[in-house]
Amino acid sequence: MKHENPEARLLQEQSRYIRILEEQLDVCKEQLKTQELLFEEQNKALALFAEAFREEGK
């Protein structure tokens, strides 16, 4: 049975952990982009609502 070098095992675990963190970061970036698009659409809807409300008051 081959025994693994503890330093090599630690480096492998650290590399795996870094990959997981990078994947999580990518997911967070996508969520942020989606939220920004949602806010833009909400702002457009609010602007349309405000315009319609002003027109109704005339």
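The expected span of a helix is 1.5 Å times one less than its number of residues. Keep that in mind for helix α1 of this predicted model: with 52 residues, α1 reaches 75 Å from its first C-alpha to its last, close to the expected 76 Å. The helix covers residues 6-57. At its N-terminal end sits a cap, Asn5, which places a side-chain oxygen 3.0 Å from the backbone nitrogen of Glu7.

Now for the side chains along the helix. An α-helix has 3.6 residues a turn, so residues three or four places apart point the same way. That spacing turns up in several contacts here.

Take the salt bridges; a search of the whole structure finds four. One of them joins Arg16 and Glu13, at 3.5 Å from N to O. These two are three residues apart in α1, so about one helical turn separates them. Both are partly exposed, Arg16 with a relative accessible area of 43% and Glu13 with 34%.

Further along, Glu41 pairs with Lys44, and their closest N and O atoms are 3.4 Å apart. Glu41 counts as partly exposed because its relative accessibility is 44%. Then there's Arg54 with Glu51, where the closest N and O atoms come to 3.0 Å. This pair is also three residues apart in α1, about one turn, and Glu51 is partly exposed at 35%.

What about aromatic contacts? The structure holds one aromatic pair: Phe49 and Phe53 are stacked, 6.4 Å centre to centre with 20° between the planes. They lie four residues apart in α1, about one turn, and both Phe49 and Phe53 are exposed.

Key. Residues numbered from 1 in each chain as written. Predicted model: local features only at pLDDT ≥ 70, side-chain atom pairs only at ≥ 80, totals over all residues. Heavy atoms only, no water. Phe/Tyr/Trp six-rings, centres within 6.5 Å; stacked < 30°, edge-to-face > 60°. Buried < 20%, exposed > 50% of the residue type's maximum accessible area, 1.4 Å probe, protein only. Polar contact = N/O pair within 3.5 Å; in protein donor to acceptor, adjacent residues only side chain to side chain. Salt bridge = Lys/Arg side-chain N within 4 Å of Asp/Glu carboxyl O.
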